[in-house]
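Hi,

Here is the structure I promised to pass along.

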Amino acid sequence: KPTVPAILNNLVGPLATACQLSVLGRESTLLLATYAACAAASNFVLNVGNFSVSVTMSRVGHALGARQWSALGASVRTALVVSTSFGILAAASLWCFRDGVLAVLFPPDSAEERWLAATYWPLMLARLPPMLLFRASLATLVGYQRMALASTLASALAVADAVAFFLVIRVRHLGLVWAGAVALCNCVSAASIATLATLVLRPLGAPENVNLCRGNVLTPDAPAGTSLFDTFLDSLDVFVRSLCLHGSMLALVPAVSRLGVAALAAHAITLELWMATSNIVDGFADVAGMMGSHLLGAGLFSQMRALTKAAVVASVSTGAAILIILAIYRDFIIAAFTSDAAATTILHTVWPLLCWMQPINATIFAFDGLYTATRSWRYVRNVMLVGVTVVFAPALAAAIWYPPCVSVACGLLAVWSAKASLNVWRLVCACYRIRAQLWPTWRAADAIARVKPIQL
């Protein structure tokens with residue numbers, strides 16, 4: 001039952017961004033390329049900020065399953081404060097170092113794109129703190145098992161942003177700055193509503209006297225692993241993992257920008273499709289993380305094994321279906337984003353890789369949800385550190401050395417092949433963690449639980 005709202009919760013944001021890219025691409029390739037480069041920096045901060053989201057969802061689920069209300073309330077309040085503080089710090093840092101960041105995102109000969117990005121930059125940064133607060137609130141509502149409410153709030157913000165871009169860019173032709181201003185107002189409103197819902201509503205199954213706005217004394221002795229220091233350690237591990245993962249996505253932008261505006265526009269479309277299709281199957285990951293945390297907190301290991309099988313099968317099947325859809329409707333999908341002939345030719349070259357990576361990406365996202373449920377933060381941190389330094393970085397360096405004068409399309413394909421190699425590494429490590437390390441312990445714990453004590 002929660003799978004459809006979970007998919008919607010993850011999908012509406014990328015779909016709204018896809019609509020915005022379509023509006024920009026049909027208005028001007030310059031607008032599309034500029035917005036894509038700025039969005040790369042913004043999405044890097046937002047995705048790295050998910051360290052508090054993942055830890056919150058896991059801790060809320062475990063506390064709810066074990067009915068530890070004090071630990072639950074402390075986790076929620078900490079997540080809201082940490083997410084907002086991180087957003088403010090990130091926005092201030094990007095503002096102070098804006099000249100250097102823009103120099104990295106745009107080559108020296110792109111003065112017009114850099115000027116347009118500089119005018120949009122303050123509005124983009126102002127959106128970071130409320131958006132991170134909004135995401136933390138949605139993660140908490142998911143942990144409360146109020147998935148429908150979280151999906152409704154996410155959908156409302158996504159629709160408001162898509163409509164704002166269409167009206168401002170295509171109808172009124174007011175430009176990127178006005179579109180950013182309206183999107184900022186939308187985000188502040190959504191964050192306020194989501195935070196209020198998080199603090200006022202109770203988790204499903206919680207007693208009526210549970211109040212998450214203040215401390216509780218229902219469970220005076222918090223169990224091990226729920227202290228602020230333990231939360232900090234888990235958050236640090238997830239932060240490093242997110243920094244490596246989304247840093248690899250951000251590193252693609254300067255590697256592509258040297259190939260020209262058409263390649264940067266094609267990269268933006270490829271990235272958006274990559275993220276949109278990934279977020280479809282990420283709904284299964286959210287369900288696995290939410291339900292898995294609850295099951296492990298309650299000690300239901302046999303049901304955890306059944307949930308693992310169901311999440312993997314559903315994700316792989318969905319990834320295969322997306323592969324078929326992308327292959328059949330290639331020309332229609334590309335035409336929906338751009339009419340530029342050069343960008344279309346480049347996309348035709350990258351398209352096979354985009355299609356064949358869908359089942360692999362789907363499986364990875366399912367395992368990411370299981371990482372959340374099992375709190376395998378340190379393991380996934382080490383996987384990403386090794387993957388980025390040993391697998392991704394050498395592959396990206398080889399792609400950068402590829403001379404763009406030979407073929408711009410092949411240059412973009414080489415860059416995306418580096419990203420694909422990192423995902424293959426993540427898949428291998430995830431299979432080892434879940435199937436070889438955790439699965440035997442779940443089976444053994446379940447066998448012990450079924451043994452009846454001997455009556456003397």
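Searching the whole structure, which is a predicted model, turns up six aromatic pairs. One of them joins Tyr-35 and Tyr-120 in a tilted arrangement, with 6.1 Å from centre to centre and 55 degrees between the planes. This pair links distant parts of the chain: Tyr-35 belongs to helix 2 (residues 29-48) and Tyr-120 to helix 6 (residues 111-126), 85 residues apart.

Are these two tyrosines buried or exposed? Tyr-35 has a relative accessibility of 9%, so it counts as buried, the cut-off being under 20%. Tyr-120 is buried too, because its relative accessibility is 9%.

Tyr-35 has another partner. With Phe-165 it forms an edge-to-face pair, at 5.5 Å centre to centre and with 65 degrees between the planes. Since Tyr-35 sits in helix 2 and Phe-165 in helix 8 (residues 147-171), this pair ties together parts that lie 130 residues apart in sequence. Phe-165 is buried, as is Tyr-35. Taken together, ring pairs link Tyr-35, Tyr-120 and Phe-165 into a cluster.

Which residues make the nonpolar surface patch of about 430 Å²? They are Val-159, Val-163, Phe-166, Leu-167 and Val-171. Leu-167 has its place in helix 8, and with a relative accessibility of 42% this leucine counts as partly exposed.

Arg-98 lies over the face of Trp-95, 3.8 Å from the ring centre. Arg-433 does likewise with Tyr-379, lying over the ring face at 5.3 Å from its centre.

Finally, a backbone detail for you to look at. Arg-375 is not a glycine, yet its phi is positive, at about 55 degrees. For context, most residues other than glycine have a negative phi. Where does Arg-375 sit? Its place is in the loop between helix 15 (358-374) and helix 16 (377-401). The relative accessible area of Arg-375 is 29%, so this arginine is partly exposed; that class runs between the limits of 20% and 50%.

If you open the model with one thing in mind, I would start from the cluster of Tyr-35, Tyr-120 and Phe-165, then turn to Arg-375 and its positive phi.

Best wishes

Definitions and conventions
Residues numbered from 1 in each chain as written. Predicted model: local features only at pLDDT ≥ 70, side-chain atom pairs only at ≥ 80, totals over all residues. Heavy atoms only, no water. Phe/Tyr/Trp six-rings, centres within 6.5 Å; stacked < 30°, edge-to-face > 60°. Helix = DSSP H or I, 4+ residues; strand = E, 2+ residues; numbered from the N terminus. Buried < 20%, exposed > 50% of the residue type's maximum accessible area, 1.4 Å probe, protein only. Lys NZ or Arg CZ within 6 Å of the ring centre and 35° of its normal. Patch = residues over 30% accessible without salt bridge, like charges linked within 9 Å, V, L, I, M, F, W, Y side chains within 5 Å. Areas by Shrake-Rupley, 256 points an atom, 1.4 Å probe, with all protein chains shown as cover. Salt bridge = Lys/Arg side-chain N within 4 Å of Asp/Glu carboxyl O.
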